[in-house]
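Me: I would like to go through this model term by term, asking what stands behind each word. Please set every value against its definition.

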Amino acid sequence: MRRGWVALLLPACAVALALMLLPPIPQPQEYHHFADARVFFGMPNFLDVVSNLAFLVVAALGLIALHSASFADSKERWPYVLFFIALATTAFGSAWYHFAPDDARLFWDRLPINICFAALLSAVIAERISFRAGLVALPPLFATGAGTVWYWLWSEMRGAGNVLPYFAFQLYVLLAILLMMHLFPPRYRRGEDLYRVVMLYGAALAAELLDRHIFSLWQIVSGHTLKHLLAALAAYQVVRMLRLRRLI
C-alpha cells in the first residue's frame, strides 16, 4: 500500500507544483481555426467532424468486448463501462465542437475526454493496487477530471482563462499509470498494452500541434484529423487488451 500511495501521490505532487509555478495560460482563440476547413456536403470542417466516428466505433467495440473479457470480479467492469460511454460521448461532443468551433462547444469536447482519463486510471488502480481502492477512487477522479474542464470554461468567462489544469489532469493520469505499471505486477496478461495507449495518445497530441504543417504537405488530411484517428487507435488498444487478456 505504501508503494500505492507513492504511485498516486508522487505524480500528483509534481503536477501540483508545476501548476503553482507556471502562470495561468488562457485558451488561445486561434486554436479554433483549424488547418482543414474544407466544406463537403454542406458541412464545414468536414474531416475534423466525421473523423470522430472512429471514437464511436471503438466505444461500441469496447462495450461488446466487456461481455467476454476476463475479470476476477464483475464489478471491475464498471470503470471500463464508464470509459467506453465517455468515449462515445466524445464522438458527439467533438463533432458538435468542430461543426462551429468556440469555447462553449469546446467544453463539451473536453469534458468526456477527461472522464475517459479518470475511468482508465480507476481501472488500473483496481487491477494493479487494490480492487476496492480502484472503485472508491472512481467518483473523486471523475469529479476532478470534470472539474478541471469546468474550471477552465469558468475562468475564460471571467476573463482570466487558465487551461493548464485540464492538461495537468491528463498528465497526472498518464504519469500515475506508468508509475503503477513499473511498481506493481499485473493481475491480468496484456497489461503492457497500456504502453501503446500512452504512446499513441502522445502521437495524437503531436499531430494536433503540427496541424497546419501536416495539412500543408499534401493538402489531404490535417494534423487535427490525424489526432482524432490516433486517439481512437489509442483507445482501441484498451479494447484489444480486454479481448486478449487472461487472469494470471
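Reply: Helix 1 passes helix 7 in a right-handed crossing, where helices are DSSP runs of H or I with at least four residues, numbered from the N terminus, and a crossing is right-handed if the near helix is turned clockwise from the far one by less than a right angle, left-handed if anticlockwise. This is a predicted model, in which local features need pLDDT of at least 70 and side-chain atom pairs count only at pLDDT 80 or more, while totals for chains, interfaces and linings use all residues. Residues are numbered from 1 along each chain as its sequence is written, and side-chain values use heavy atoms, with hydrogens and water left out.

Me: What makes helix 1 roughly antiparallel to helix 7?

Reply: The axes of these two helices come within 9 Å and cross at roughly 150°, the axes being lines fitted to C-alpha atoms over the stretch in contact, with angles running from 0 to 180 degrees between N-to-C directions. Angles over 145 degrees count as roughly antiparallel, under 35 as roughly parallel, 65 to 115 as roughly perpendicular and the rest as oblique, and helix 1 is therefore roughly antiparallel to helix 7.

Me: Which classes of residue make up the contact of helix 1 with helix 7?

Reply: The residues in contact (heavy atoms within 4.5 Å) include Arg 3, Val 6 and Leu 10 of helix 1 and Leu 164, Tyr 172 and Leu 183 of helix 7. They divide into 18 nonpolar, no polar and 1 charged, given that Ala, Val, Leu, Ile, Met, Phe, Trp, Tyr, Cys and Pro count as nonpolar, Asp, Glu, Lys and Arg as charged, and the others, Gly among them, as polar.

Me: Why are helix 7 and helix 8 called roughly antiparallel?

Reply: Their axes come within 11 Å and cross at roughly 150°, and helix 7 and helix 8 are therefore roughly antiparallel to each other. The crossing of helix 7 and helix 8 is left-handed. Helix 7 contributes Gln 170, Leu 174, Ile 177, Leu 178 and Met 181 to the contact, and helix 8 contributes Leu 194, Tyr 195, Val 198 and Tyr 201, a set with 8 nonpolar, 1 polar and no charged residues.

Me: How do you know that helix 6 and helix 7 are roughly antiparallel?

Reply: Helix 6 and helix 7 pack at an angle of about 150°, with their axes 7 Å apart, and that angle is why the pair is described as roughly antiparallel. On the side of helix 6 the residues are Leu 141, Thr 144, Gly 145, Thr 148, Val 149 and Tyr 151, which meet Pro 165, Tyr 166 and Phe 169 in helix 7.

Me: Why is Gly 145 called buried?

Reply: Buried means under 20% relative accessible area, exposed over 50% and partly exposed in between, with a 1.4 Å probe and protein chains only; Gly 145 has 0% and is therefore buried. Gly 145 has its place in helix 6 and touches Asn 114 and Phe 169, not counting residues up to four places away in sequence. Gly 145 and Pro 112 are 33 residues apart in sequence and 9.0 Å apart in space, C-alpha to C-alpha.

Me: What makes His 224 buried or exposed?

Reply: His 224, which lies in helix 10, has a relative accessibility of 1% and therefore counts as buried. Leaving out residues up to four places away in sequence, His 224 touches Tyr 31, Phe 34, Asp 48, His 98, Ala 207, Glu 208 and Asp 211.

Me: What is meant by the largest nonpolar core?

Reply: A nonpolar core is a set of buried Ala, Val, Leu, Ile, Met, Phe, Trp, Tyr and Cys residues joined through side-chain atoms within 4.5 Å. The largest one has 66 residues, and those with the most contacts inside it are Tyr 80, Phe 84, Leu 121, Val 238 and Leu 242. Its largest share, 14 residues, comes from helix 5. Leaving aside neighbours within four places in sequence, Leu 121 is in contact with Leu 141, Tyr 172, Val 173, Ala 176, Ile 177 and Met 180.

Me: Why is Phe 41 called exposed, and why does Gln 219 count as partly exposed?

Reply: Phe 41 has 81% relative accessibility and therefore counts as exposed, whereas Gln 219, at 44%, therefore counts as partly exposed. Phe 41 is placed in the loop between helix 1 and helix 2 and has a positive phi of about 55° although it is not a glycine. Gln 219 lies in the loop between helix 9 and helix 10 and has a positive phi of about 60°, although it is not a glycine. Most residues other than glycine have a negative phi.
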